[in-house]
Amino acid sequence: MPAELSAAEIRALRRELVAWYAVAQRDLPWRRTRDPYAIWISEAMLQQTRVETVIEYWRRFLARFPDARTLATAREDDVLGLWSGLGYYRRARHLHAAAKALVERHGGEFPREPTLVRELPGVGAYTAGAVLSIAFDAPEPLVDGNVARVFARLFELDAPLGSKELDRELWALARRLVPGSGAGEWNQAVMELGATVCTPKNPRCDACPLARRCRARATSRQGELPRPKARRAAVDVELDVLFVARGRDVLCVRRAQGGRMAGLLELPTIERAQGGHARLHPTEHAGGIVFRVGEVLGSVRHTITHHRIRATAFVGRAPHRELPPPYEWHASDQLDRLALTGLARKVLRVLPS
Ligand code: SF4
């Protein structure tokens, strides 16, 4: 925490940034509502996903599940189906579980008490701060990636991203800077600055309302801060994906509960053994069925966290028509509506129709 940050400086900082935000903010649909439920959904979607992508998903989700009660009574498949393509499906499962908790514990309303909000599944300090400050103007702080970048540069914080030291400094600053009134505007203003001006690469310092207060700018360290956290090495993965048809139906596999992308549907997928693929040989899938593998249909590239995947799609043949779970047949013209993994969706796009 910069010790020399005076009360007068804090007031000036708030005034200048909020005045900039009033004219420079992007017109985003969730900024036109104070409904905590709608804001909460947008915050969940915006974590890890770009604004441009979220807009349409948010509209569709709100149209289908306009309040916590509707979401609480929805089938998980329907919730995941609407989420399909956004990735990080745990967010959708948490929203679903939290909606049930809102109904059971709070009559379907969003509580205003921070400790009660934090008890909802999947709601961390950031989301609680965002919903409470934006919907209710509660003086709650928040820190996300944008705030971290802005503060690290503005106050020249040297600890690396993801470190306990930086987290402590960032939250201390966020608590000190959030105003007693107008907290929602302030929090959004910091995030907007990070998203549109103080960007990860090439920050537009000439257009920054805080330029003359910025310590990184004064020392030309904008490109250096925040210091990155150590990256995990990328891992290359080769997958064979089988397209198994039965009339108009396509064979899918339901991913196991408890693992990654739990409960989503994918095409039968086999990690390729080193030194070759399964083509023209009987190939056992993890679900226990041995498929025959035919001609190549296409290939796609896909990235999940640090895994760089190259997936090759083949015609597959099942040993019999009736297959036990986790196998499921689905009509090919309905696949779009199902909760498919991002990779399955990509593979289906390159297959001949
Ligand atoms: S002056 Fe530049 S580095 Fe500093 S806060 Fe503004 S955009 Fe970011």
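This is a predicted model: local features need pLDDT of at least 70, side-chain atom pairs count only at pLDDT 80 or more; totals for chains, interfaces and linings use all residues.
Student: Where does the ligand sit?

Tutor: The ligand sits in the largest cavity.

Student: In what sense do strand 2 and strand 3 pair?

Tutor: Two strands pair if at least two bridges are found between them. Strand 2 (residues 245-246) and strand 3 (residues 249-254) have two bridges and pair in the antiparallel sense. Ala245 has Val250 of strand 3 as its bridge partner. The hairpin of these strands has two residues between them, and Gly247 takes a positive phi near 65 degrees.

Student: How many bridges join strand 3 to strand 9, and how many join strand 3 to strand 4?

Tutor: Strand 3 is joined to strand 9 (residues 327-331) by five bridges, and the two run antiparallel. In this pairing Cys252 stands opposite Glu328 of strand 9. Two bridges join strand 3 to strand 4 (residues 265-266), also antiparallel, and Val253 stands opposite Glu266 of strand 4.

Student: Where is confidence lowest, and where is it highest?

Tutor: Confidence is read from pLDDT, on a scale from 0 to 100. The mean for the chain is 92, with 96% of residues at 70 or more. Confidence is lowest in strand 6 (residues 282-284), at a mean of 70, and highest in helix 4 (residues 68-72), at 98.

Methods
Residues are numbered from 1 along each chain as its sequence is written. Side-chain values use heavy atoms; hydrogens and water are left out. pLDDT is the predictor's confidence in each residue, from 0 to 100. Helices (H or I, at least four residues) and strands (E, at least two) are DSSP runs, numbered from the N terminus. On a 1 Å grid over the protein atoms alone, a cavity is a set of points where a 1.4 Å probe fits but cannot get out, and a pocket is an open set with protein on both sides within 12 Å along at least five of seven lines; lining residues have an atom within 4 Å of a point. A molecule sits in a cavity or pocket if more than half of its atoms lie within 2 Å of its grid points.
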